Amino acid sequence: MKNDHLVTEEAVMAALSHVIEPELHRDLVSLNMIRNLKVTGGDVEFTIMLTTPACPLKSKMEKDARAALASVPGINEIKINWDADVPHDKRISNQIGQQFRNTIAVSSGKGGVGKSTIAVNLAIILAQFGARVGLLDADILGPNVPMMMGVSTMPAPRNRKMVPAENFGVKFISTAFLVRPDQPLIWRGPMLHSAIQQLLTDVEWGELDYLIVDLPPGTGDAQLTLAQVLPLSGALIITQPMQVAAADALRGMKTFEKLDVPIIGVIENMSGDFFGTGAGEKLACEYQVHYLGSVPLDANVRIGGDTGEPIVVAYPDSPAAEALRSIAKEVAARVSLLTLQQQAANLIPIQMIG
Ligand SMILES: Nc1ncnc2c1ncn2[C@@H]1O[C@H](COP(=O)(O)OP(=O)(O)O)[C@@H](O)[C@H]1O
Ligand SMILES: [Mg+2]
């Protein structure tokens with residue numbers, strides 16, 4: 001069949017310049033997200049460079065791009081490849097000398113709400129999407145991450161630096177590794193400070209897209225210490241579905257606000273018939289922060305933590321794992337946005353970027 005229309009790169013780019021990135025509200029072309037465009041006769045191939053491999057809007061962007069290209073005469077086949085370049089929060093390497101692009105604190109007003117469970121599962125999901133992920137267990141009161149990750153020892157140090165343990169594609173380190181289980185340690189403020197500092201700087205983390213920090217519950221020392229030693233891209237607030245739990249979570253949010261740490265959003269955990277549902281969303285709404293979704297109460301979530309095989313690995317198709325995946329994508333997208341805003345604010349201090 002004869003094809004009368006010659007497809008040009010210009011025509012393709014012009015069409016794609018009408019596709020809007022739904023979070024950033026600008027078009028894919030001016031955001032420099034279209035890369036490696038190849039036009040071979042009527043066949044078009046290009047890469048969309050995302051700001052996170054866990055982008056929740058991939059399918060929408062693909063649909064919009066294909067729709068836009070439908071207006072270009074002569075196109076035969078369209079192949080879209082995906083890649084991601086996670087925005088870099090430069091404050092982090094400036095302050096601690098580690099190549100972490102983003103840092104996420106996971107926090108809750110009180111213990112037992114599922115902070116570690118969510119930190120662990122989010123870390124694994126982001127790694128499954130192809131991101132480079134580290135997890136720092138700074139919960140000195142209950143350092144559960146090693147157990148949940150199914151690894152109880154740390155590799156031998158290398159070049160006088162600690163080497164993080166690794167499982168499910170996630171590098172992690174825990175305050176539990178700093179103490180012997182038979183030697184209970186009473187942590188005081190200055191010790192907590194130096195422990196967190198050490199786990200950030202004296203560890204061979206390598207380059208990471210996301211460092212996730214599992215904080216102790218509460219709204220005290222640890223939050224303050226962490227915010228002092230590590231620039232935070234944002235904080236996640238975990239709450240249970242009951243109103244009393246939301247009150248604790250609110251105090252946590254206020255702590256971060258005082259420390260100038262943006263709230264990425266609120267996650268409600270253990271939702272369902274038993275504890276009810278709704279406090280997380282209400283809290284997010286009242287405090288005008290993002291509501292990132294809820295994770296159902298499910299015995300397999302607990303079993304996953306107890307056996308060192310988290311639900312997103314053991315039962316990736318379960319509703320709880322699906323919920324965690326959708327939350328993880330939302331978190332990744334929000335973090336990219338926060339970091340881009342942070343970069344813009346550093347470049348143009350006077351102008352507000354909305
Ligand atoms: N959605 C859930 N469904 C069932 N059990 C859960 C869920 N989330 C967490 N748990 C369990 O609740 C307990 C407390 O969770 P954990 O993550 O240790 O809380 P925190 O870190 O806030 O103290 C753990 O035994 C964990 O496995
Ligand atoms: Mg915990």
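Two strands are taken to pair if DSSP finds at least two bridges between them. Helices (H or I, at least four residues) and strands (E, at least two) are DSSP runs numbered from the N terminus. The model described here is predicted: local features need pLDDT of at least 70, side-chain atom pairs count only at pLDDT 80 or more, and totals for chains, interfaces and linings use all residues. Residues are numbered from 1 along each chain as its sequence is written, while chains are lettered from A and ligands numbered from 1 in the order in which they are written.

In β4, isoleucine 48 is the bridge partner of isoleucine 34. Strands β3 and β4 (residues 43-50) run antiparallel and are joined by five bridges; threonine 40 stands opposite aspartate 43 in β4. The two strands form a hairpin with two residues between them, and glycine 41 in the turn has a positive phi of about 60 degrees. The sheet is open, with three strands in the order β3-β4-β5 and mixed pairing. Because β3 (34-40) and β5 (78-84) each have a single partner strand, they stand at the edges, and one side of each is left without a neighbour in the sheet. On average, neighbouring strands of this sheet are turned by 10 degrees against each other, direction ignored.

**Helices α1 and α2**

Axes are lines fitted to C-alpha atoms, for helices over the stretch in contact, and angles run from 0 to 180 degrees between N-to-C directions. Helix α1 (residues 9-16) packs with helix α2 (residues 58-69) at an angle of about 130 degrees, their axes being 8 Å apart. That makes α1 oblique to α2, given that angles under 35 degrees count as roughly parallel, over 145 as roughly antiparallel, 65 to 115 as roughly perpendicular and the rest as oblique. Contact requires C-beta atoms, placed from the backbone, to lie within 7 Å. On this basis Val12, Ala15 and Leu16 in α1 meet Ala65, Ala68 and Leu69 in α2. The contact has six nonpolar, no polar and no charged residues, where Ala, Val, Leu, Ile, Met, Phe, Trp, Tyr, Cys and Pro count as nonpolar, Asp, Glu, Lys and Arg as charged, and the others, Gly among them, as polar.

**The eight-stranded sheet**

A further open sheet has eight strands in the order β8-β9-β7-β10-β6-β11-β12-β13, with mixed pairing. Strands β8 (165-167) and β13 (291-296) stand at its edges, each with a single partner strand, so one side of each is left without a neighbour in the sheet. The twist averages 25 degrees from one strand to the next. Three bridges join β8 to β9 (residues 170-174), and these strands run antiparallel; asparagine 167 stands opposite valine 170 in β9.

| Helix | Strands touched | Direction angle |
|---|---|---|
| α4 (residues 115-128) | β6, β7, β9, β10, β11, β12 and β13 | about 170 degrees with β10 |
| α8 (residues 243-258) | β6, β11 and β12 | about 170 degrees with β11 |
| α1 | β3 and β4 | about 135 degrees with β3 |

**The surroundings of ligand 1**

A residue is near a molecule if its C-beta atom, placed from the backbone, lies within 6 Å of it. Ligand 1 is surrounded by 19 residues, of which the closest are Gly114, Lys115, Ser116, Thr117 and Gly305. The elements giving two or more residues to this shell are α4, β12 and α10 (299-307). By class, the shell has six nonpolar, ten polar and three charged residues.

Key:
Contact = placed C-beta atoms within 7 Å.
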